[in-house]
Amino acid sequence: MIATESLSKRFPRVTALDRLSLDIGPGVTGLVGANGAGKSTMIKILLGLSPATEGRAEVLGLDVSTHGPEIRERVGYMPEHDCLPPDVSATEFVVHMARMSGLPATAARERTADTLRHVGLYEERYRPIGGYSTGMKQRVKLAQALVHDPKLVLLDEPTNGLDPVGRDEMLGLIRRVWTDFGISVLVTSHLLGELERTCDHVVVIDGGKLLRSSSTSDFTRTTTTLAVEVTDSDAHPDGTGALRAALAEAGVTLHEGVEEGLPGAGHILLLEAAGEETYDLVRDTVAGLGLGLVRMEQRRHHIAEVFRPEAAAQHEEVKAR
Ligand SMILES: Nc1ncnc2c1ncn2[C@@H]1O[C@H](COP(=O)(O)OP(=O)(O)OP(=O)(O)O)[C@@H](O)[C@H]1O
């Protein structure tokens with residue numbers, strides 16, 4: 001779907017992309033990076049809107065430096081910032097965008113109705129966009145990117161400004177763009193956590209450099225920490241210590257030390273989850289020792305930890321002391 005080779009973009013004061021080589025296949029791919037990492041720059045180059053300083057990129061097999069218009073015909077784009085006219089309705093706007101992409105009038109109206117239904121805009125679609133909530137505006141932006149039935153959509157920070165419920169709904173919609181319509185997705189975010197659930201593949205960039213590109217399952221396997229808290233019992237007055245010893249014996253990788261729980265609560269044991277089996281093993285070990293399981297939850301790593309693993313290691317060390 002997308003291939004780049006040593007792609008660089010230098011502005012007078014910053015290198016926004018630094019020799020980035022990527023190969024992105026069909027499905028949902030996340031492009032993760034902190035603000036300023038180079039995500040929007042990458043999208044503009046892929047659409048043929050901004051020339052690269054060095055290297056090359058292909059989208060759907062087309063060279064971005066020579067085939068920008070063809071790429072933009074076949075690819076949908078949802079920009080990061082608000083760009084919607086306030087005084088027209090969603091229907092009018094999306095029909096207009098469909099016509100701009102070359103669809104005949106009837107097809108444009110039909111596709112608009114289907115697409116707005118897909119993104120969950122119903123009666124509101126006839127009201128002026130100016131009165132919409134942020135979530136509704138994001139849905140209109142998504143609809144206009146999908147209306148001409150592209151092979152691929154590039155979504156720039158589609159969850160920006162949404163509350164947790166709106167964010168989950170948007171992520172569900174994005175997932176269905178691929179599963180229901182077979183349209184591949186490249187979605188950017190500065191939150192790794194939200195992409196873990198939505199994407200098949202995740203690419204992490206920092207300061208324009210590629211930090212990592214791997215399937216989500218590989219990613220989560222190595223960045224997943226389980227936090228486990230147990231009660232003590234008469235037989236095991238130090239329940240956490242007893243569990244630590246038993247899990248170590250069973251071959252589980254445990255973090256050094258323990259994390260303090262809330263005031264009045266116990267200690268929290270941190271361990272690496274190798275997969276579903278670890279959850280079962282912890283549950284069975286806790287039951288076998290006769291302890292009560294207070295919590296077992298997956299720790300979400302912060303994006304900064306993935307960007308700078310050595311900083312994360314230090315952080316873990318400090319916490320463990
Ligand atoms: N036209 C421009 N001229 C000069 N510098 C630019 C230009 N566009 C982007 N940059 C710089 O390039 C770097 C990457 O910017 P980019 O917008 O691609 O980041 P981003 O990952 O999309 O972040 P954000 O989500 O904050 O937009 C930043 O340091 C930015 O200031």
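Visitor: Which residue stands opposite V32 in β8?
Guide: S189 does. The model is predicted: local features need pLDDT of at least 70 and side-chain atom pairs 80 or more, while totals for chains, interfaces and linings use all residues. Numbering starts from 1 along each chain as its sequence is written.

Visitor: What makes β3 and β8 a pair?
Guide: DSSP must find at least two bridges between two strands. β3 (28–32) and β8 (184–189) have five, in the parallel sense, so they count as paired. The strands themselves are DSSP runs of E of at least two residues, and helices are runs of H or I of at least four, numbered from the N terminus.

Visitor: Why are β6 and β10 called edge strands?
Guide: Start with the order, β6-β7-β8-β3-β9-β10. These six strands form an open sheet with mixed pairing. β6 (75–78) and β10 (209–215) each pair on one side only. The twist averages 15° from one strand to the next.

Visitor: What is the direction of helix α6 relative to β8?
Guide: The angle is about 160°. Axes are lines fitted to C-alpha atoms, for helices over the stretch in contact, and angles between N-to-C directions run from 0 to 180 degrees. Helix α6 (164–181) packs on the sheet and touches β3, β7 and β8. Contact means C-beta atoms, placed from the backbone, within 7 Å. Helix α5 (134–146) lies across β6 and β7 (152–155), and runs at about 165° to β6.

Visitor: How many strands make up the antiparallel open sheet that includes β1?
Guide: Four, in the order β2-β1-β4-β5. β2 (15–24) and β5 (62–63) each have a single partner strand, so one side of each lacks a neighbour in the sheet. β1 (2–10) and β2 run antiparallel, joined by six bridges. T4 stands opposite L22 there.

Visitor: Which strands does α1 lie across?
Guide: β1, β2 and β4 (54–59). α1 runs at about 120° to β1.

Visitor: Which residues are around the ligand?
Guide: F11, V14, A16, G33, N35, G36, A37, G38, K39, S40, T41 and E157. To be listed, a residue needs its C-beta atom, placed from the backbone, within 6 Å of the molecule. Helix α1 (39–46) gives the largest share of this shell, three residues.

Visitor: Which residues of α9 are called buried?
Guide: G239, T240, A242, L243 and L247, in the helix spanning 239–249. Buried means 20 or more other C-beta atoms within 10 Å of the residue's own, exposed means 12 or fewer, and partly exposed lies in between, with C-beta atoms placed from the backbone.

Visitor: Why do the buried residues of α9 count as lining one face?
Guide: Seen down the axis, they fall within an arc of 160°, so they line one face of the helix. The arc is taken over the directions from the helix axis to the C-beta atoms. The face turned away carries the exposed A248 and E249. Just after α9, G251 takes a positive phi of about 90°.

Visitor: What do the buried residues of α9 pack against?
Guide: β11 (225–230), β13 (267–272) and α10 (276–289). β11 runs antiparallel to β13, with four bridges between them. V228 has L269 as its bridge partner in β13. β11 also pairs with β14 (293–299), antiparallel, over six bridges. Opposite A227 stands E297 in β14.

Technical notes. Two residues are in contact if their C-beta atoms, placed from the backbone, lie within 7 Å.
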